[in-house]
Amino acid sequence: MINYLNILLYVQIALCVFCLYRIIRGPSIADRMVGIDIFGILVVGICAILTITTKRSFILDIGIAWIILSFIGTLTLAKYLSGKKLNE
Amino acid sequence: MEIIGFILISIGILFNLFGCIGLIRLPDVYNRLQSATKCVTLGTCSILLGVLFFCGFAGAGIRALIAIPLLFFSATVAAHALVKGAYIFGIKLGDKSIKDDYKDVEKN
Amino acid sequence: MKHIVLFITALIFWLLLTFNLTTANIIVGIVAALVTSFIFGRYFTTSISKLLQPQRYFWFFAYLIIFIWECLKANIEVAYLVLHPAMPIKPGIVKIKTDLKTDIAKTTLANSITMTPGTITVDIIDDYIYVHWIYISTDNPEEYSQKVSGRFEKYIKKIFE
């Protein structure tokens, strides 16, 4: 079972390449930001699968912290896009 | 129990794959955000549910259960903020779009 | 009163997150929840009396089941659109009228619309919600209001108003 999970883990890591493609090639700034947002969510999936394969539950804590950090990061980028200062 | 968890994780990764294909194929920012955010969020929720089935109601399982609503709300609000930011930044809707009611509205 | 409800919620959240019941852990949780409720108490929900009515929770669970079902169905639809070789999409932004009054109900409706694949809320101005839709199937405003928000609106009205 663990072997199959490792294969799924590699698939999930390979999906990040799609996001990297969008971040590098994106025609506009907003495309790159979409890529960054999705990248953050994919990393949470990687953390979740690693929790099972390594049997260490603290990795999921990293995942939860990553959700909140990527949320704040995306909000900041969106605020920059709409041309406002951070304290408005 | 482990079989159910394994199936849920597989379905989640399948949805992630669809979301990422959408991120590559669709024509403009708004459509990319449509496909990517939602398919990937639902896929990751499915993976976390699979973790709950693997670990049971203790330790990691409870954390996965807490992470699901957290991920849900944060991804929603982030997508909403990105769409509005992109529109105000001045990125046009793609060539295929047939309707734009938001054009004449006064934005703040 | 708001502060007390937020304190209890934060404490339960802490205990679930750490998941052990030693004395030291509980004391740390109480201190953290006190600080949280002291700072953020005034931003919490506006009316406490609505929290104590059991039928709202019943409708909340019914809504949750409907929502998950719609979410799965629409997700498969979007997967079909993405995988189709010709990509038959007709995107655009439409304007939808809503009858909901309170802020939290409008927020919930907007979040539900965003989480249903195929539609994203762009903005809320007064009674109108602007929605980006990946496949506009009809031209009639009433018909697409019904399609986008009609299935959620009656439940949200029962939960929050």
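In which sense do E1(B) and E1(C) pair, and over how many bridges? They pair in the parallel sense over 2 bridges.

This is a predicted model: local features need pLDDT of at least 70, side-chain atom pairs count only at pLDDT 80 or more, and totals for chains, interfaces and linings use all residues. Residues are numbered from 1 along each chain as its sequence is written, and chains are lettered from A and ligands numbered from 1 in the order in which they are written.

View 1. E1(B) spans residues 99-100, and E1(C) spans 92-97. Strands (E, at least two residues) and helices (H or I, at least four) are DSSP runs, numbered from the N terminus. Two strands pair if DSSP finds at least two bridges between them. B:Lys99 stands opposite C:Gly92. Read E1(B) with its confidence in mind: its mean pLDDT of 74 is the lowest in chain B, while H1(B) has the highest, at 89. Here pLDDT is the predictor's confidence in each residue, from 0 to 100. Chain B has a mean of 84, with 97% of its residues at 70 or more.

**View 2. The contact of chains B and C.** Here 35 residues of chain B meet 31 residues of chain C. Contact requires C-beta atoms, placed from the backbone, within 7 Å. On the chain C side, H3(C) gives the largest share, 6 residues. That side divides into 21 nonpolar, 7 polar and 3 charged residues. Nonpolar covers Ala, Val, Leu, Ile, Met, Phe, Trp, Tyr, Cys and Pro; charged covers Asp, Glu, Lys and Arg; the others, Gly among them, are polar.

**View 3. The contact of chains A and B.** Of the 2 pairs of chains that touch, this one has the most contacts. Each chain contributes 39 residues. On the chain B side, H1 (2-25), H2 (29-55) and H3 (60-89) each supply at least two residues. The chain B side holds 28 nonpolar, 7 polar and 4 charged residues. Chains A and C share no contact; their closest C-alpha atoms lie 9 Å apart.

**View 4. A hairpin in chain C.** E2(C) (residues 119-125) and E3(C) (128-133) pair in the antiparallel sense over 6 bridges. C:Ile125 stands opposite C:Tyr128. Between the strands lie 2 residues, and C:Asp126 takes a positive phi near 50 degrees. E2(C) is mostly covered, with 5 of its 7 residues buried. Buried means 20 or more other C-beta atoms within 10 Å of the residue's own, with C-beta atoms placed from the backbone.

Terms used:
A residue is buried if 20 or more other C-beta atoms lie within 10 Å of its own, exposed if 12 or fewer, and partly exposed in between; C-beta atoms are placed from the backbone.
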